[in-house]
Structures are given as C-alpha cells and as structure tokens.
Amino acid sequence: MRMQTGGSNKEGVERYGQESLLAPAKYWQDSPSRSVEQEFDGQAEVLNDGSIFVSSSPAMLAIRQQIEKIAEYDIPVLILGESGSGKEVVARLLHTRSDRARRPFLKVNCAALPGPLLESEFFGYERGAFTGAVRSNPGKFEVCNSGTILLDEIGEISPALQAKLLHVLQDKTVCRLGGSTPIQVGARVVAATNVDICEALESGALRQDLYYRLNTFVLRIPPLRSRPEEIPLLLEHFIRRFARLYGCPAVPASERLVAACLEYSWPGNVRELQSFTQRFLIQGDEERSLQELQGVGRIMTGHPVRTDSPAESFQTNLKKLGRQVKCSAEKPAIEKILQETRFNRKAAARRLKISYKGLLRKLREYDLDGKTARLSNGSIEIHG
C-alpha cells in the first residue's frame with residue numbers, strides 16, 4: 001500500500017513485519033503495550049488487545065500528550081466522541097500509561113444491560129439477594145480493584161443507578177446487592193459516551209452531580225472524517241490484522257482505493273473502516289469495494305442518500321440564511337451579557353429574559369458552552 005502521509009511509512013511497516021504487528025494475545029502479555037512508533041515514524045502504537053492508537057493528526061497527537069500528563073493521577077476521565085471514533089482505544093492507552101498497567105482493564109457496556117442487571121454487574125451480589133443468586137458474586141468494581149474500569153455509554157444508565165455510582169466515586173466503597181458490609185474499591189473510573197452532554201443534562205438523562213464528578217478531565221475524540229491523514233495507517237493495520245485472522249493474503253490496497261477511502265466521510269468512523277476492510281479481504285474484489293465507497297446516491301449501509309428538490313433546497317437556503325442572521329445578532333449579545341455577569345449563566349439568563357435551559361441551548365448552538373463551563377464550575381476541562 002502506498003501511504004499518503006509520513007513519507008517512509010510503508011517501508012517501516014514492512015520492516016516491522018506482519019507476524020510482529022499482529023501477534024496473538026500471548027505475544028503481548030509480557031508488556032502492557034507494544035510500541036511501533038519508530039516503524040510508523042511516531043504515529044502509531046499497538047495496544048495489548050491488538051487495537052491501534054494512531055496519532056498522525058494534530059488532534060490525536062494532542063490527546064496522546066494529554067494522556068501522558070494525566071495518566072499518573074488518580075482522577076476520573078470522561079471521553080466524548082461519536083460512536084466508533086475510538087473511545088475505548090483511548091481509554092486503553094490511558095490505562096497502559098498509568099501505574100495500573102499491570103492490573104485489570106475492564107469494560108462495562110452500560111447500554112447492553114437493563115438497570116437491575118447492570119447494578120449487579122457493577123456492585124456484585126450476595127447469595128440469596130434475588131431469585132437465582134445461589135452464590136455470592138463480586139462486581140466489576142471489586143474485580144477491577146487497583147485497575148481501570150471503563151463505563152461505556154454512561155449516558156444510558158438510569159438516574160437511580162447514577163446516584164449509586166456517584167456514591168462509589170465519592171466514597172470509594174461498594175455494597176453488594178443483598179449485603180450491608182462496605183467493600184473498599186480502588187478502580188480508576190473512565191466514562192465514555194457519544195450523547196450530546198448538554199442535551200443529556202437538560203433532559204435529566206444525565207445527573208449534573210455525576211457529570212461534574214466525572215468531568216475532572218475531559219477528552220474529546222474527533223470523528224475520523226476530521227483526521228483523514230490517519231486513514232491510510234488504519235487501513236494498512238486492519239488489512240494485516242484480518243489477513244492473519246482469516247488466513248488469507250494481506251492484499252495491499254491500491255492508490256485508487258486509498259484515495260477513495262480518503263474521500264469517503266466514514267459516518268461510522270473507525271469501526272466502519274474496520275468492517276469495510278474485512279469485506280475487502282473476504283470478497284477479494286477491489287472494484288466492488290470501490291463501488292461501495294463511490295456508489296451514487298447510496299452510502300455503505302445501503303440507505304439512500306436524500307436529494308432535495310429545488311423547492312426544498314430553496315427553503316433550506318432561506319432557513320440557513322435566517323439562522324445566520326439570527327446568530328450574528330444573538331451571539332455577540334450573549335457573549336456581552338456573560339462577560340458582564342462574570343459568566344454566571346443563571347444571572348445571564350435573567351438579564352436576557354430567557355429560561356436557564358434556553359440559555360444552555362443557545363450556548364451549545366453558538367459553541368459557547370465549553371468556554372463558560374470552564375469558568376463557571378471550577379473544574380478542569382481539557383478539550384482534545
């Protein structure tokens with residue numbers, strides 16, 4: 001494959017070799033992570049689960065630098081980003097850089113289990129706590145003691161369970177279901193979500209007190225379409241990885257295929273690129289893969305892309321113009337009132353004669369929410 005960035009990357013990958021890059025899990029057990037930074041000119045690192053962290057874009061390089069700074073501190077971290085953008089990989093890199101690297105890393109998919117089951121998954125249960133509990137069982141927080149626990153899709157947890165989780169973060173203790181004895185736990189909590197935080201807070205789906213506890217440090221993962229320079233590296237890595245898994249030749253992607261991948265928007269992010277690479281290897285038909293990427297009027301999921309009629313397009317343009325005019329008038333006024341109220345959002349809402357929730361919507365709409373959040377809640381919020 002001809003790499004589009006990094007100059008001698010292809011030659012470096014060939015030196016490293018398919019066997020080393022895609023060695024089985026046992027190969028990685030001697031080290032928390034296996035660096036391939038020299039071979040990729042400092043742009044990539046393969047972690048112990050076989051995933052790869054690529055930082056050839058300025059945004060991801062900044063995230064890696066932030067991880068290096070915070071890894072040693074026992075503070076919660078909140079990772080935000082679109083589905084499939086690589087939030088779990090970022091969490092794993094944070095774990096490997098910390099002094100907990102030799103301890104367990106456990107992921108809990110909070111969206112996959114209903115509330116009662118998720119609670120027992122978190123905290124464990126005692127024998128007889130419920131029907132079918134024939135023996136005591138520790139929860140993930142106990143099992144992951146001194147390690148790192150990733151709470152994926154934290155925004156899907158019920159408010160009642162969020163309150164219990166908040167107490168765990170504050171007190172560092174859990175009680176198993178059906179038990180009364182507090183158990184000390186020391187797992188580092190990393191939370192991840194793809195939801196709009198402002199909307200979740202406004203609707204009550206995410207408790208404010210839990211959010212302010214988790215957002216001691218925030219990492220925002222950009223979508224893959226915002227870091228196209230990483231696509232060639234990821235594509236080559238996935239080709240090698242799945243060629244080994246399926247026992248088929250690691251067919252290099254042509255310049256046409258790489259160029260098509262760079263032009264495609266990847267709404268499913270890295271996860272979609274991974275699935276595309278699997279199909280490319282299994283089908284063994286580059287032309288068909290190109291048609292998937294370049295298909296007229298369709299995206300790779302098979303759903304038709306909407307095309308507006310001239311009348312609809314005219315209405316859309318008028319709406320867009322109206323929003324631009326509204327923004328040009330409202331945004332400076334809001335900024336002025338915020339400065340006059342020393343970024344007190346409740347006072348600003350009263351001055352503007354709108355509801356507090358209405359102001360939050362405006363802050364999000366005009367990209368002012370991050371700025372005011374750092375100044376008003378007293379927490380450290382770093383944006384990737």
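Entry 1, terms. I take contact to mean heavy atoms within 4.5 Å, and I call a residue buried under 20% relative accessible area, exposed over 50% and partly exposed in between, with a 1.4 Å probe and protein chains only. Helices (H or I, at least four residues) and strands (E, at least two) are DSSP runs numbered from the N terminus. I note that this is a predicted model, in which local features need pLDDT of at least 70 and side-chain atom pairs count only at pLDDT 80 or more, while totals for chains, interfaces and linings use all residues. Residues are numbered from 1 along each chain as its sequence is written, and side-chain values use heavy atoms, with hydrogens and water left out.

I looked up the protein chain and found 18 helices and 12 strands. Of its 384 residues, 44% count as buried.

I asked which residues of helix 6 (residues 115-123) are buried. They are Leu118, Glu119, Ser120, Phe122 and Phe123, and they pack against strand 5 (105-109), strand 6 (124-125), helix 7 (140-143), strand 8 (148-152), helix 8 (159-171) and strand 9 (173-174). Just after helix 6, I found Gly124 with a positive phi of about 80°.

Two packed helices are described by the angle between their axes and the distance between the axes. For helix 11 (residues 231-246) and helix 13 (residues 269-283), I read that the axes come within 9 Å and cross at roughly 50°; axes here are lines fitted to C-alpha atoms, for helices over the stretch in contact, and angles run from 0 to 180 degrees between N-to-C directions. Helix 11 and helix 13 are therefore oblique to each other, since angles under 35 degrees count as roughly parallel, over 145 as roughly antiparallel, 65 to 115 as roughly perpendicular and the rest as oblique. Among the residues making the contact are Phe238 and Phe242 of helix 11 and Leu273 and Phe280 of helix 13.

In helix 12 (residues 255-263), I found Leu257, Val258, Ala260 and Cys261 buried. Why do they lie on the same side of helix 12? They cover an arc of only 160° around the axis, the arc being that of the directions from the helix axis to the C-beta atoms. The buried residues of helix 12 pack against helix 11, helix 13 and helix 14 (286-294).

I found helix 4 (residues 58-70) and helix 5 (residues 87-97) packed at an angle of about 40°, with their axes 9 Å apart.
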